[in-house]
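Here is a briefing on one protein chain. Please read it alongside the sequence and the coordinates.

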Amino acid sequence: DGDQYGTLSYEVLRSIPEPLSNTKISRLKRPRIREKKMISPYMIDISDERLATIRAKVEAYDWSQLPDARGWTAGVGVDDLKRLVAYWLDVYDWRKVEHRLNQFPNFTADVEGERLHFVHVQGDGSKPPILLLHGWPGSYLEFERLVGPLAADGHDVIVPSLPGFAFSRPITGIIGPRRAAELMHVLMVQLFGESRYIVQGGDWGAHIASWMAYTRPDALLGFHLNMVFVHAEDATPTTPEEKDLISRRAAILDWETGYNHEQETRPQTLGVAMADSPVGAAGWILEKFGKWADLPQLADGSPDIWSKFSEEELLTNIMLYVAPSSVVSATWIYHGKRLEGSDHFPAGARVKVPVGIAAFPDPVFLPPPRSFVEKTYNVVHWSEMSSGGHFAALEQPDLMLADLRAFISTIAGGKSHE
């Protein structure tokens, strides 16, 4: 029941390992949380049968049927994928990973009929709650190294799996980013009542945060983005800098967003292949980490993916799609965007909630100039980041944390709605 939610969160929080050991722990004090019976403690426990099935499929993958175009020019590098799969079979231990993930205070909530998984780490209540939102093909673990420090600052930190992702499944149907924004707001109301909160997001998390700010401006103190892609429908580039950026970005996206069109229009057809092929799903996801992260290149132009990511962290992210069978439903958010028409705000829209932008050098989704973002948003904080790509919180957690703290300090100093 709700009382168990408060009790278990305290007990689990007491056992959180580094980097969360510096978190100040206390029993949940808000009666409205303990009274909510739609929130339950959650333990990650993938069945032995499911794990055996995954392993058998990985072992059975017939590499002789996969021609190699060499390098990464035509898609994922086969040699890098083989290296990842060899680690999967010879070294990777899901049960060990699962034990580590269960040291976090995991919960599920019934939010308007949808089952949402989230991590909730308590601060001491001296700072506003903060909601951290991931995207595709990432996961809630992108924020692992931010949670402890933010909680130590005094924030209650909420890190959900988006609808259809990881353990936020099954879902009742297609959910786009605007609908997801409302579900995230309702979750925060379940946890904190009418208390205002802060949101951080990249990729889909940025889309969702932007829609939360647009539709629920009185609920947010501010929001922080490391990707800006939702603008007013009539926002157009006018300066030479804006026009140049939009032109360069369009050329890159023409090469790099075939996946988006497929997942936006025919996710179920793609899903037929990925649902039954762990190696196929791994290749689909690995390619995005190789192309979207801020990575050095090898002599042949391929990304040096192992200079930034370990096999362990890449496989754990992939397993959060494969193990709970969420690899297909996680793509539905793209289709939901198409159905909602939520890739832009209405003409003339103005988001008045203060926003901070961390403009990381994403090699694919190039950050727009501040002048263009200000056509739609109330920008009170802007940072040109020195390094870090699309998965900023995972690639450069220290830079992300410092910039998020700076933004929070800015809005706490009196910057507010226009």
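Predicted model: local features only at pLDDT ≥ 70, side-chain atom pairs only at ≥ 80, totals over all residues.

Residues are numbered from 1 along each chain as its sequence is written, and side-chain values use heavy atoms, with hydrogens and water left out.

**Whole chain**
- The chain has 17 helices and 9 strands (DSSP runs, H or I of at least four residues for helices and E of at least two for strands, numbered from the N terminus).
- Of the 418 residues, 58% are buried (under 20% relative accessible area, 1.4 Å probe, protein chains only).
- Among contacts (heavy atoms within 4.5 Å) with a separation of 6 or more, 81% are between residues 24 or more positions apart.

**Ser-342**
- Ser-342 lies in the loop between α14 (332-340) and β8 (351-359).
- Ser-342 counts as buried because its relative accessibility is 1%.
- Leaving aside neighbours within four places in sequence, Ser-342 contacts Pro-177, Arg-178, Trp-211, Val-230 and Lys-337.

**Strand β5**
- In β5 (residues 157-160), Val-157 and Val-159 point one way and Ile-158 and Pro-160 the other, and all are buried.
- β5 pairs (at least two DSSP bridges) with β3 (residues 114-121) in the antiparallel sense over 4 bridges.
- β5 also pairs with β4 (residues 130-133), in the parallel sense over 2 bridges.
- Ile-130 has Val-157 of β5 as its bridge partner.

Methods
Buried < 20%, exposed > 50% of the residue type's maximum accessible area, 1.4 Å probe, protein only.
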